[in-house]
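The following exercises guide a reader through one structure. Each task is followed by a solution in steps.

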Amino acid sequence: MKLLLTGDSIIARKEGLQELYLNVDLRKRLPALEIINTAVSGINSGAFFARLNELVFQQERCDNIVLLLGTNDLARHKQVPLTQFGQNMALIVSSIICLYYPQHIFLVSPPAVDEQKQTSRTNNLVAAYSGQVQQIASVYHCHFVNLAQAMLTHGDLTNLCCGSLNDGLHFGAEGYNLLADLLARGLLKSS
């Protein structure tokens with residue numbers, strides 16, 4: 001199975017490894033998985049749409065695509081209004097479905113944050129932007145992976161959001177394990 005992973009820094013970080021952390025964690029669960037990762041740290045939904053050709057359409061066609069956006073859209077210091085974020089996501093998904101059928105598109109919510117450390121994002125904002133992602137997934141009949149809710153259910157945001165930046169947002173091993181488990185389960189169900 002070939003997988004295109006794309007989105008923001010949650011997908012793009014190495015966390016001290018030679019390869020992107022999520023790529024490594026997914027291959028542990030699905031050893032035959034071939035991964036193309038075009039994620040860009042700091043990107044928001046508008047910038048992603050502007051680069052859609054480069055990040056999605058110019059890549060080798062894969063069996064499935066995983067997209068995680070919203071983390072930067074919801075940051076208070078550079079916030080994209082919620083309705084604009086929803087419109088951007090609709091533009092992105094409606095463009096992607098000409099290449100990937102909806103059952104092969106996985107939209108991932110922005111992650112929950114450790115509010116004790118993260119000053120630019122709150123879990124209330126995460127919930128609002130996650131709701132937009134879920135709504136777009138429902139309208140276009142794509143898979144929705146509620147990463148934020150899975151993190152809140154797990155309950156230990158301090159450990160989940162404790163990567164090398166230790167900023168209450170970016171993951172370390174425990175956060176990537178959770179995300180990789182969610183994605184691997186979804187990919188196996190859809191194949």
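**Exercise 1.** How many disulfides does the structure hold?

*Solution.* The model is a predicted one, in which local features need pLDDT of at least 70 and side-chain atom pairs count only at pLDDT 80 or more, while totals for chains, interfaces and linings use all residues. Residues are numbered from 1 along each chain as its sequence is written, and side-chain values use heavy atoms, with hydrogens and water left out.

Step 1. A disulfide is a pair of cysteine sulfur atoms within 2.5 Å. The structure holds zero disulfides.

Step 2. Cys142 takes part in none, the nearest cysteine sulfur being that of Cys98, 13 Å away.

Step 3. The closest cysteine sulfur to that of Cys161 belongs to Cys162; at 8.8 Å, the two are too far apart for a bond.

Step 4. Buried means under 20% relative accessible area (1.4 Å probe, protein chains only). Cys142 counts as buried because its relative accessibility is 12%. Cys161 is buried as well, with a relative accessible area of 0%.

**Exercise 2.** Determine the strand order of the open sheet and identify its edge strands.

*Solution.* Step 1. Strands are DSSP runs (E, at least two residues), numbered from the N terminus, and two strands pair if DSSP finds at least two bridges between them. The five strands lie in the order β2-β1-β3-β4-β5, with parallel pairing.

Step 2. β2 (34–37) and β5 (143–145) are the edge strands, since each pairs on one side only.

Step 3. Strand β1 (residues 2–7) is joined to β2 by four bridges, and Leu4 stands opposite Ile36 in β2.

Step 4. Four bridges also link β3 and β4 in the parallel sense; Leu68 has Val108 in β4 as its bridge partner.

Step 5. Both faces of β4 are covered: Ile105 and Leu107 are buried on one side, and Phe106 and Val108 on the other.

**Exercise 3.** Describe how helices α5 and α6 meet.

*Solution.* Step 1. Helices are DSSP runs (H or I, at least four residues); their axes are lines fitted to C-alpha atoms over the stretch in contact, and angles run from 0 to 180 degrees between N-to-C directions. The axes of α5 (residues 82–96) and α6 (residues 123–140) come within 10 Å and cross at roughly 35°.

Step 2. Contact means heavy atoms within 4.5 Å. Among the α5 residues that meet α6 are Phe85, Met89 and Val93, and the α6 residues include Tyr129, Val133 and Ile136.

Notes: Buried < 20%, exposed > 50% of the residue type's maximum accessible area, 1.4 Å probe, protein only.
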